[in-house]
Amino acid sequence: MSKSVLFAAAMTAALSTVSSAQAACDKMDKVTAAWLPIMQTTAYYVALDQKLFEKACIEIDSNKMESPNQIIDSLIAGRADFGPPGAAAGIAMIAESKFPGKLKVFGLQGGGIKVDRINDGLIVKPDSTIKSFADLKGKTLGHVPGIQWRTISRQMVKAAGLDPDKDVKLVDLAVAMQVPAVVGGTVDATLSLEPVGSIAVASGKAKRAMTNPVASVIADPFYSGASVMTTKFMTERPDVARRVVAVIDQATDLVNADFAKYKAVLPAYTPIKADQLDLVAQPYLRGFKDLDDTDVKSYQALVDVFIAQGVVQGPINVREKLLTKADIGE
């Protein structure tokens with residue numbers, strides 16, 4: 001029997017054990033999570049909604065953040081044990097370069113052209129003449145706050161033949177402020193993660209000038225989100241860490257298998273309203289057990305952009321930063 005089959009069987013056994021009744025728990029293990037209200041985090045919302053953590057004898061202290069940096073800062077400072085799907089994939093590697101051995105990645109989230117899953121969009125007014133990044137000369141571009149999306153935005157501008165230091169003004173904008181900023185004219189466009197594009201389309205006050213622009217430049221599929229845990233959590237409580245991974249993988253499978261059903265949880269955690277759900281784009285979610293060479297190469301391409309722009313010193317081999325079965329006792 002192959003190792004992958006054995007691992008899948010082990011994970012299934014672990015899930016069936018923890019999904020028996022919460023009454024079977026001798027105690028509830030408290031775990032602190034830090035997350036961002038974006039589509040990439042959908043598996044975590046489903047895990048909460050379906051009480052998968054409780055069934056795994058885990059009590060979640062759930063903390064919503066306003067920017068990707070805050071998630072990674074919480075992990076490095078020891079204020080959180082893990083960042084659910086949607087934590088910043090690039091910032092995680094910046095943190096790892098400054099504090100080696102602090103973090104492990106156990107899932108990736110994003111979108112892609114070939115897989116037909118939307119991760120990001122160039123958002124503009126309905127009557128805007130901006131059709132691509134090449135049209136941004138002399139304009140203002142908003143993006144998710146922090147070094148990750150500042151770096152990605154710079155790369156997109158450079159790829160369009162413009163100088164990000166001279167031709168375009170880049171502005172940090174919290175997720176909830178992006179559509180209002182475009183509508184109000186504070187910025188000419190935003191490079192936004194889902195569900196901002198869906199909200200823009202639903203409002204009728206903004207639109208996607210481009211869909212998945214980053215995948216067309218950096219890597220397809222493109223992963224800007226990651227599931228991340230601290231090595232302290234993994235080392236000190238490997239059994240609990242293993243259960244967290246199993247729960248996120250289970251929730252990821254549920255979302256991937258029936259997004260139409262499980263997207264109903266989104267209004268409780270993101271700016272999406274119930275009457276906008278039909279317009280929401282399904283994210284591309286990769287659980288721990290699903291990660292393959294294509295995923296690793298895509299993640300590496302993102303990290304290489306950070307190295308090329310001097311944000312972090314290389315080389316960095318992302319494969320060495322991924323959680324392994326041995327790390328959690330499998």
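**Cavity and pocket linings**

Strand β4 gives the most to the lining of the largest cavity, with four residues. The model is predicted: local features need pLDDT of at least 70, side-chain atom pairs count only at pLDDT 80 or more, and totals for chains, interfaces and linings use all residues. Residues are numbered from 1 along each chain as its sequence is written, and side-chain values use heavy atoms, with hydrogens and water left out.

A cavity is a set of points, on a 1 Å grid over the protein atoms alone, where a 1.4 Å probe fits but cannot get out; lining residues have an atom within 4 Å of a point. Grid points are joined across faces, edges and corners, and a volume is the space filled by probe spheres set on the points. Three cavities of 30 Å³ or more are present in the structure. The largest cavity holds about 50 Å³. Its lining comprises 13 residues, and Q109, S227, I248, T252 and R286 are the closest to its centre. Two or more lining residues come from each of β4 (103-111), α11 (238-257) and β11 (284-286). Helices (H or I, at least four residues) and strands (E, at least two) are DSSP runs, numbered from the N terminus. By class, six lining residues of the largest cavity are nonpolar, five polar and two charged. Here Ala, Val, Leu, Ile, Met, Phe, Trp, Tyr, Cys and Pro count as nonpolar, Asp, Glu, Lys and Arg as charged, and the others, Gly among them, as polar.

A pocket is an open set with protein on both sides within 12 Å along at least five of seven lines. The second largest pocket has a volume of about 200 Å³. It is lined by 13 residues; L75, G78, T230, K232 and F233 lie nearest its centre. Helices α4 (68-76) and α10 (231-236) each give two or more residues to this lining. The most, four residues, come from α10. The lining of the second largest pocket has five nonpolar, three polar and five charged residues.

In α4, P68, I71, I72, S74, L75 and I76 are buried (under 20% relative accessible area, 1.4 Å probe, protein chains only). These buried residues pack against β1 (29-35), β3 (82-88), α5 (89-98), β4 and β10 (222-230). Just after α4, G78 takes a positive phi of about 80°.

T190 lies in strand β8 (residues 189-193). T190 counts as buried because its relative accessibility is 0%. Contact means heavy atoms within 4.5 Å. Beyond residues up to four places away in sequence, T190 touches G121, L122, I123, L141, G142, L173, Q178 and V182.

Note on methods:
Buried < 20%, exposed > 50% of the residue type's maximum accessible area, 1.4 Å probe, protein only.
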